[in-house]
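Visitor: I would like a close look at a single part of this model, starting from one residue and its surroundings. Please go on from there to helix packing and charged pairs.

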Amino acid sequence: MTSDAEKKKPLSVRQSLAWSFAKRYTNMAMTIPTIMIVSRLLTPEQVGVYSVGMAFVTLIHSLRDFGVSDYLVRTEDLDDRKARSAFTINLIIAWVLGCTMFLASGVVATFYSQPGLELLLKVISINFFLLPFGSTVTALLKRSMQFGISYQINLFQQATQSGSTIVFVLMGFGFMGLAMGSVAGTVANILACMYFGRNYRIRGLGLDQWRDVSSFGIQRVTGDVVSRIGASAPDFIIARVIDFASVGLYSRGKGLVNLFRENILAAVGVVTFPTYARDFRRRNDAHLMFLKSMTYVTGVSWPFFMFSALMGFPIMRIMFGDQWDAAVPILQWIAMASVIGVINMDGPQLLTAIGHVKAVTRTIIVLQIIRIALLVGAAFYSLEAVAAASVVGAGLNVALYQALIKRYTPIKFRDIWFALTPSVLSTVITMVPPLIVVAVIPPSGNNLWVPLIVGGMVAGVAWLVGLNIVRHPLSDEINTLLANAVSRVRRTKA
């Protein structure tokens, strides 16, 4: 590792959030057109095959990281020996898992009676041999809150992955084009880390601190694996009980919600975890940041999820085409589950940051066992029932984590209520105008754009008005941004 003198000064939380959001908005600007193009070139079955393959990859990916990224962010007094041990353990595990995936690809393809899965998994397994060289740099950048550098790395990676994916699919590679684009993105990530993040590279191998890394990693990876199993369970179960086309429909139905989670909510999560860890190390008051984050996150996400559920039909038809109409109710159910689940978005991160990773692991195991049981039962009924089961799972998730937060932090129920009240009120105000638009101009196959655009515009205005009426903390941030923008314009004219 490079000495601290050679590294840049950490950004403030506000600056970090700005860069993190910039990164995610850039991702969305590239990902949405890619998805729209690919969805019109591939069938639901082809998308389903890729989704199942990626579900396996996502599951194995949690083993690959072995909690190393969070260890590098959270551990106190990080030195070269700890960093080298973390990188070496990560490298060994990643290469073993890459070989395992490559060799086991045929077994998975046989189990699902889908020959295309074998080649898909073999190509994607290449990522496991490459990822450790970029993931540790990313973790150290996060620890140092250098989100400007992370943005540069991500921009190069996402542009490469999106562009190559479209090219490969247009060339006729089908779902394999998605896999090939993924590998191209990983290669781009490593090259960018070597250039932009060169001062944060871990140089050399070592296992001096393997016990310290492993102790944290075992607890973290157990929870991660179980969480990934739960997250991937719908794809596994639907493919086995129903068919691959249904997996594709489910994937597209949850796609818009996941896009928001991964590119907007994750922007907050990337900043909050190192902030919780820092605040706990310094002042033992990470819970205050948690409550603030809850207010901000729900203030942004609740109106989005509610609007997505209301406008599910025109959104799906415009983005993906009429072959995906059956995914509309899936989108609506998952959006409603997300309204509930986002309340608890930072719960596991807070508890992990303040040293209760074992409690998080136990809770994850209980939650996923119940969730998988619900999904299996629902899959024998219908695809829509699987999506509806996610609402029940989200409710259980919030209930259990809030109990843990009450136990291990000074946060009480009234604190949660006060944190959420501004978002509840502003969301109600936001949704009234688009509900009127839908009643007056109902969306249909021949009338997609007008209700969506008009509804979106009035919802946006109502959101801004609602934030100011209820004095939501977000309104101060937005007003500050607008004031700064006006000030810059005036200075430029002067």
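Guide: This is a predicted model. Start at threonine 165, which touches Thr34, Val38, Gly177, Leu178 and Gly181, leaving aside residues up to four places away in sequence. Threonine 165 is part of helix H8, which covers residues 147-170. With a relative accessible area of 7%, threonine 165 is buried, because anything under 20% counts as buried.

Next, the helix packing. Two packed helices are described by the angle between their axes and the distance between the axes. For helix H16 (residues 357-379) and helix H17 (residues 383-408), the axes come within 9 Å and cross at roughly 165°. H16 and H17 are therefore roughly antiparallel to each other, since angles over 145 degrees are classed that way. The crossing of these two helices, H16 and H17, is right-handed. Sorted by class, the contact of H16 with H17 has 19 nonpolar, 3 polar and 1 charged residues.

That leaves the charged pairs. Side chains of opposite charge can pair when their charged atoms come close. A search of the whole structure turns up 3 salt bridges.

One of them joins glutamate 118 to lysine 122, with the closest N and O atoms 3.2 Å apart. Both glutamate 118 and lysine 122 sit in helix H5 (residues 116-124), 4 residues apart, or about one turn of the helix. Glutamate 118 is partly exposed, at a relative accessible area of 31%, and lysine 122 is also partly exposed, at 25%.

Another salt bridge is formed by the side chains of lysine 254 and aspartate 235, at 3.6 Å from N to O. Lysine 254 belongs to helix H11 (residues 244-282) and aspartate 235 to helix H10 (residues 210-241), so the pair ties together parts that are 19 residues apart in sequence. Lysine 254 and aspartate 235 are both buried.

There is also a salt bridge between aspartate 325 and arginine 317, where the closest N and O atoms are 2.6 Å apart. Aspartate 325 counts as partly exposed, at 24% relative accessibility.

Terms used
Residues are numbered from 1 along each chain as its sequence is written. This is a predicted model: local features need pLDDT of at least 70, side-chain atom pairs count only at pLDDT 80 or more; totals for chains, interfaces and linings use all residues. Side-chain values use heavy atoms; hydrogens and water are left out. Buried means under 20% relative accessible area, exposed over 50%, partly exposed in between (1.4 Å probe, protein chains only). Contact means heavy atoms within 4.5 Å. Axes are lines fitted to C-alpha atoms, for helices over the stretch in contact, and angles run from 0 to 180 degrees between N-to-C directions. Angles under 35 degrees count as roughly parallel, over 145 as roughly antiparallel, 65 to 115 as roughly perpendicular and the rest as oblique. A crossing is left-handed if the near helix is turned anticlockwise from the far one by less than a right angle, and right-handed if clockwise. Ala, Val, Leu, Ile, Met, Phe, Trp, Tyr, Cys and Pro count as nonpolar, Asp, Glu, Lys and Arg as charged, and the others, Gly among them, as polar. A salt bridge is a side-chain nitrogen of Lys or Arg within 4 Å of a carboxyl oxygen of Asp or Glu.
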